[in-house]
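Please keep the sequence and the structure in view while reading.

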Amino acid sequence: MNDREIIRRLLEIGAGDGVRDDAVFAAARARLASPDDFDSLDAVARAAYQTACDKGWHRTREAAAAEAASVRLAMLFLATHGYGADDLAPLADVHARLLRAVDLADGVDIPAELALIHEEVSEALQAYRDPRMHPRRCYVSRGDEIVDVTDGMGAAGKPEGLALELVDVLIRVLKLGVAARLPIAAELRRKMAYNAARPARHGGKRL
Ligand SMILES: [Mg+2]
């Protein structure tokens with residue numbers, strides 16, 4: 001199975017043939033240099049992470065490194081202009097914190113990120129429970145009403161539905177992988193290979 005097929009299958013989890021991955025990924029794909037880049041799950045993950053950085057949710061390692069260098073310059077300037085260690089202590093704290101952000105995963109609040117993945121799972125359950133929404137359709141809000149936009153492209157508004165919330169889970173997982181340098185794509189291959197080799201209904205559990 002190549003990366004493109006892996007991505008397609010992940011997107012179809014729980015949604016079946018009603019999912020339009022073009023609609024789901026249109027914005028992300030526009031960020032990439034060419035559609036071929038979507039052959040790589042790593043490229044999708046980097047795009048998800050970069051979008052989160054662009055929107056102010058993460059500080060990139062490059063930005064943290066630049067800020068740390070600026071703080072260090074300021075400390076050197078002050079040290080050569082008569083300021084002592086006590087004066088520089090607050091700046092030293094900031095400098096140390098920025099260096100940790102450069103190094104990550106200290107710069108990523110992993111428990112918070114896991115909680116946010118939980119939140120998206122809960123939103124998927126809410127979408128599934130909403131009697132106005134078919135699980136395989138995509139909707140946008142119009143005032144107090146929701147409009148089915150599954151078969152249209154470019155509809156203004158936030159797309160909602162079961163598949164979209166599962167995509168949010170996927171985006172958060174992939175983004176966290178990049179931010180915390182977790183080898184998601186490599187371990188995905190390992191775990192899928194392991195699962196494929198397991199016996200039928202392994203463990204004898206009911207579900
Ligand atoms: Mg969501």
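## Overall architecture

The model is a predicted one. Its chain contains eight helices and two strands. Read from the N terminus, the order of these elements is α-α-α-α-α-α-β-β-α-α.

The chain has 207 residues, of which 17% are buried. Among contacts in the chain with a separation of 6 or more, 60% are between residues 24 or more positions apart.

## The strand pair

How do strand 1 and strand 2 pair? Strand 1 covers residues 139–142 and strand 2 covers residues 145–148; the two are joined in the antiparallel sense over four bridges.

Together, strand 1 and strand 2 form a hairpin, with two residues between them. In the turn, Gly 143 has a positive phi of about 65°.

## Helix 3 and helix 7

Helix 3 spans residues 41–54, and helix 7 spans 162–179. The axes of helix 3 and helix 7 come within 8 Å and cross at roughly 85°. An angle from 65 to 115 degrees counts as roughly perpendicular, and helix 3 and helix 7 are therefore described as roughly perpendicular to each other.

On the side of helix 3, the contact is made by Val 44, Ala 45, Arg 46, Ala 48, Tyr 49 and Ala 52. Helix 7 contributes Ile 171, Leu 174, Lys 175, Gly 177, Val 178 and Ala 179. By class, the residues of this contact of helix 3 with helix 7 divide into nine nonpolar, one polar and two charged.

## Helix 3 and helix 8

Helix 3 also meets helix 8, which comprises residues 184–197. Their axes come within 9 Å and cross at roughly 140°. Helix 3 and helix 8 are therefore oblique to each other. The crossing in which helix 3 passes helix 8 is right-handed.

The residues making this contact are Leu 41, Asp 42 and Ala 45 from helix 3, together with Ile 184, Ala 185 and Leu 188 from helix 8. In the contact of helix 3 with helix 8, five residues are nonpolar, none is polar and one is charged.

## The loop between helix 7 and helix 8

Arg 181 lies in the loop that connects helix 7 and helix 8. Its phi is near 55°, a positive value in a residue other than glycine. Is Arg 181 buried or exposed? Arg 181 is exposed, because 12 other C-beta atoms lie within 10 Å, and a residue with 12 or fewer counts as exposed.

Leu 182 has its place in this loop between helix 7 and helix 8 as well. With 17 C-beta neighbours inside 10 Å, Leu 182 counts as partly exposed. When its neighbours within four places in sequence are left aside, Leu 182 is in contact with Leu 176 and Gly 177.

## The segment after helix 8

Arg 201 is found in the segment after helix 8. Phi of Arg 201 is near 45°, again a positive value in a residue other than glycine. Arg 201 counts as exposed because it has 8 C-beta neighbours inside 10 Å.

Notes:
Residues are numbered from 1 along each chain as its sequence is written. This is a predicted model: local features need pLDDT of at least 70, side-chain atom pairs count only at pLDDT 80 or more; totals for chains, interfaces and linings use all residues. Two strands pair if DSSP finds at least two bridges between them. Axes are lines fitted to C-alpha atoms, for helices over the stretch in contact, and angles run from 0 to 180 degrees between N-to-C directions. Angles under 35 degrees count as roughly parallel, over 145 as roughly antiparallel, 65 to 115 as roughly perpendicular and the rest as oblique. A crossing is left-handed if the near helix is turned anticlockwise from the far one by less than a right angle, and right-handed if clockwise. Two residues are in contact if their C-beta atoms, placed from the backbone, lie within 7 Å. Ala, Val, Leu, Ile, Met, Phe, Trp, Tyr, Cys and Pro count as nonpolar, Asp, Glu, Lys and Arg as charged, and the others, Gly among them, as polar. A residue is buried if 20 or more other C-beta atoms lie within 10 Å of its own, exposed if 12 or fewer, and partly exposed in between; C-beta atoms are placed from the backbone.
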